[in-house]
Amino acid sequence: MSIPKTIKQIMPIPDDYIILTKVVDEVGNTHMLNFSPMGYRYMYALVDCHGDRSDEVDVYVIRPDGSGYVDDSGITLVVPKYKCPHCGIFMKPQVDDGDMNYVCTSCNEMQRVKDVRTGGVANVYQSV
Ligand SMILES: [Zn+2]
C-alpha cells in the first residue's frame, strides 16, 4: 500500500526552459513532444514523500481543461531553451535514442546535447 503524496509547494518553471512529454507511437517509437502550443501548462511541484524518502520535485501538469496532476512517472522532461547562433530564434528540441538535439527550423543548424537519460544537459556542442 502506498501513501498518497502531498504537494507542499508549487513553483513556476522559468521561461528559459521548455517541457517535453514522452509519447510512444503505434509502432513503439518514443518521441518527446512539446504540448505547450496545445494549451498544456507546467509547474514544479515539491512533493512530500512522508518520510519514505526525501521530498522530491516533480512536474505538475495542467491540462487545457484546467485539471492537473503530478507527473511522478517521468514522462515529462524539462530542458533548457537554446537560441540558434545564426538566426537567434529558439531551436526546436528533439530526443532520439536518449540523445538530445536542437534543430533550427529556419537554417537547419543542429546542436546536440548528450546523455539526456542521465540528466546531463550541460555539454552542448555543434554537430554541423
Ligand atoms: Zn538558425
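Mentor: What follows is a chat about the strands, the cores and a few single residues.

Trainee: What should I know before we start?
Mentor: This is a predicted model, where local features need pLDDT of at least 70 and side-chain atom pairs count only at pLDDT 80 or more, while totals for chains, interfaces and linings use all residues. Residues are numbered from 1 along each chain as its sequence is written, and side-chain values use heavy atoms, with hydrogens and water left out.

Trainee: OK. How many helices and strands are there in the protein chain?
Mentor: The protein chain has 0 helices and 11 strands. Helices (H or I, at least four residues) and strands (E, at least two) are DSSP runs, numbered from the N terminus.

Trainee: And how much of the chain is buried?
Mentor: Of its 128 residues, 27% count as buried. Buried means under 20% relative accessible area, exposed means over 50%, and partly exposed is in between, using a 1.4 Å probe and protein chains only.

Trainee: What about the surface?
Mentor: The accessible surface comes to about 8,100 Å², and 51% of it belongs to carbon and sulfur atoms. Those areas come from the Shrake-Rupley method with a 1.4 Å probe, and for residues only the protein chains shown count as cover.

Trainee: Let's do sheets. What is the strand order in the sheet of 4 strands?
Mentor: That open sheet runs β1-β4-β5-β6, with antiparallel pairing. Two strands pair if DSSP finds at least two bridges between them.

Trainee: Which strands stand at the edges?
Mentor: β1 (6–12) and β6 do, and each has a single partner strand, so one side of each is left without a neighbour in the sheet. Neighbouring strands here are turned by 35° against each other on average, direction ignored. For that angle, axes are lines fitted to C-alpha atoms (for helices over the stretch in contact), and angles run from 0 to 180 degrees between N-to-C directions.

Trainee: How many bridges do β4 and β5 pair over?
Mentor: β4 (residues 41–48) and β5 pair over 7 bridges, in the antiparallel sense. Tyr44, for instance, stands opposite Val59 in β5.

Trainee: What happens in the hairpin of β5 and β6?
Mentor: There are 5 residues between the strands, and Gly66 takes a positive phi near 95°.

Trainee: I keep clicking on Tyr60. Which residues does Tyr60 touch?
Mentor: Not counting residues up to four places away in sequence, Tyr60 touches Ile7, Ile10, Arg41, Tyr42, Met43, Ala45, Gly68, Tyr69 and Val70. Contact means heavy atoms within 4.5 Å. Tyr60 lies in β5 and counts as partly exposed at 21% relative accessibility.

Trainee: And Asp48, where does Asp48 lie?
Mentor: Asp48 lies in β4. Leaving aside neighbours within four places in sequence, Asp48 is in contact with Lys5, Thr6, Lys8 and Asp55. The C-alpha atoms of Asp48 and Ile7 are separated by 6.1 Å, although these residues are 41 apart along the chain.

Trainee: Now the sheet of 3 strands. What is its order?
Mentor: The order is β3-β2-β7, an open sheet with antiparallel pairing. β3 (30–33) and β7 (76–80) stand at the edges with a single partner strand each, so one side of each has no neighbour in the sheet. β2 (residues 17–24) and β7 pair over 5 antiparallel bridges, and the bridge partner of Thr21 in β7 is Thr76.

Trainee: Which residues make the largest nonpolar core?
Mentor: It has 10 residues: Ile18, Leu20, Met32, Val79, Cys84, Met91, Val95, Met100, Tyr102 and Cys104. A nonpolar core is a set of buried Ala, Val, Leu, Ile, Met, Phe, Trp, Tyr and Cys residues joined through side-chain atoms within 4.5 Å.

Trainee: One last thing, is Asn108 buried or exposed?
Mentor: Asn108 is exposed, with a relative accessible area of 60%. Asn108 lies in the loop between β9 and β10 (110–113), and its phi is near 65°, a positive value in a residue other than glycine.
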